[in-house]
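Subject: Handing over a structure

Hi,

Here is the structure I promised to pass on. Please have a look, and then read my notes below.

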Amino acid sequence: MSLTRWLILPSALLLSLGCVSVKDTPSSASLSVTGLYRDPSTGTLKPTRYCWAEVYDLTTGTVADNGYLSASGQGTFSYTAGNSLQVRIFSRVEVPDGANFTLRGSVKSSTLAGSYATADAFNAVSDMNLTSTVGSGSSISLIAEPDAAQTDMAFNAVDQMVAFGLGMKTIQPGIRLPNLHAFFSPSYQVTEYPTVLRNGGGQVLQQPSGRAIFALRVAGDISGAAGTNDDLGDDAVLLEAYSHLLFADHSLQETGASALSYLRRDNDDQWVDRDIQSEPSIAFATGYGDFLACAFRSLDGATNPQRIEDTYTSSGGVFSTATYDLSAHATARAANQGEFYRGAVAISLWQTWRVALGGSTSALQALWDATARSQSGEYLNAPLGAYPTYLLGVKNLFGPASANWTNTLFQLGLESVQDPTPAYFASGALWTTTAVLPYATAGSFPTYVPSAGINFDRNQAATFVFTHGGGPRTLTVTTPSAGLVVDLIATDGLYDQAVATSGANGVITYASLAAGTYAVRVRVDYLRSYPNGTANWTLSIQ
């Protein structure tokens, strides 16, 4: 293409420049900017949709114009004709929603600090960007190609934030989400879930827009050395992590003012294995996150959206891909209770949406509505937020005798997920009902050394449901172990918590607890170190 109207200086990034005649007056001109990045999965060029762009006027030393690009990664900016320019496109996005926005986010090549003094201090950590050479003219295209800095991968990671925001806007029109920022570094081998950021005094950080700031660490080791991981190009892995913004404390309101999560979460927001029975509430939260990730990829037009592909370099130095396919029903689950498997939750939800319900947007919204706090579904009235209580809400939304529920039951059966009937809830599979108070019981959990990473298995927690008529109530857990968590759970989620150790009992006591149905759960604490062995405990409800 012609370069006759540009003065070109060296650049570390590949760009494509083109010129057309300037139609504006000599004192004012328009610059058409296009941003693209090389998709690490397909090798094709994709637009840097909704990314922030800035046009620097080097003649005056100022930013001549700025703004977010369109869905096609394009924008038109003004500058003084004839002046030397430099254009930057940042891995910083805004998913628009009329005059407002659904989500803002960015990707930064840096380590995430424990706290930041102010939002300005946080924003001083620069986002990744594409920078053009210097010139003057009327159009410019910048392309993020693979490089040592992983510029292309950063734009891929921020584009998955766009997919997340667009998906949320589809199933919950008008939703306003907090800001979401990803930090990647060669020192990060694991992608974590988002958490709210605070200043040194513990206050939630907010951007000038009033939105709270959430951040997560993303595995970013591109070295290819044995035992390393880089998730910046793993779209479904990123989307699954981003979806846990909905389960993060303080995400209910975009300002972070409420301590509640947008979706009910009755356990720690941690990763669990897809093919091991887990504590019921964490099995549901993680499985639902997998389902949302794939559903949003489908809405975004991805190829094979049902596949969660995680690339890594094995301990033997072999580049590998672990694939979990939500369209492939597994064989019969152990103990015939797939509702406690993260993988079974995700697969049965995907198959319910795509097969039982036809894969429509309205069907996806129905599966979302059964979780939303604005709904009156069973999930928000149950003693424990888990897959069976969620499914009871779905059943009630569809109607127990409806074709939609009949078709859903068939897909659930293929994953050995039980029908949420009164008999099921009375069976003791999900919780033990304590009909008479006071109540006392005892038990034990298997424990494992920290390197095993086993803290949320189904046999490492026990839940007891009781009805409280009002007035005083005391829950006490004793243990000779390194420590166990005791949770008091109300019908909208975690209500109170204590820790029992060999040196002190775990006690939750109220002089006047509101009347209602509650659950008390004793469980292993993932923050503590155990030997391979057994943690004994006693529980009293008085």
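Helices here are DSSP runs of H or I with at least four residues, strands are runs of E with at least two, and both are numbered from the N terminus.

A word on the basis: this is a predicted model, in which local features need pLDDT of at least 70 and side-chain atom pairs count only at pLDDT 80 or more, while totals for chains, interfaces and linings use all residues. Residues are numbered from 1 along each chain as its sequence is written, and side-chain values use heavy atoms, with hydrogens and water left out.

**Aromatic rings**

The structure holds 24 aromatic pairs (rings of Phe, Tyr and Trp, the last by its six-membered ring, with centres within 6.5 Å; planes under 30 degrees apart are stacked, over 60 edge-to-face, the rest tilted). Trp-350 and Trp-353 make an edge-to-face pair, because their ring centres are 5.5 Å apart and their planes stand at 80 degrees. Both Trp-350 and Trp-353 are buried (under 20% relative accessible area with a 1.4 Å probe, protein chains only; over 50% is exposed, and in between is partly exposed). They also belong to one aromatic cluster with Phe-284, Tyr-288, Phe-291, Tyr-379, Tyr-387 and Tyr-390.

Tyr-439 and Phe-464 form a tilted pair, since their centres are 5.9 Å apart and their planes at 45 degrees. This pair links distant parts of the chain: Tyr-439 lies in strand E18 (residues 439–447) and Phe-464 in strand E19 (residues 461–468), 25 residues apart. Phe-464 is buried, with a relative accessible area of 6%.

**Helix H2 and Leu-31**

Helix H2 (residues 151–171) is largely enclosed by the rest of the structure, because 18 of its 21 residues are buried. Leu-31, in strand E2 (residues 29–38), is buried too, at 0% relative accessibility.

**Paired strands**

Strands count as paired if DSSP finds at least two bridges between them. Strand E15 (residues 307–313) runs antiparallel to strand E14 (residues 228–229), joined by two bridges; Asn-229 has Tyr-312 of E15 as its bridge partner. Seven bridges join E15 to strand E16 (residues 319–325), again antiparallel, and Thr-313 is partnered with Phe-319 in E16. Five residues lie between the strands in the hairpin of E15 and E16, where Gly-317 takes a positive phi near 85 degrees.

Best wishes
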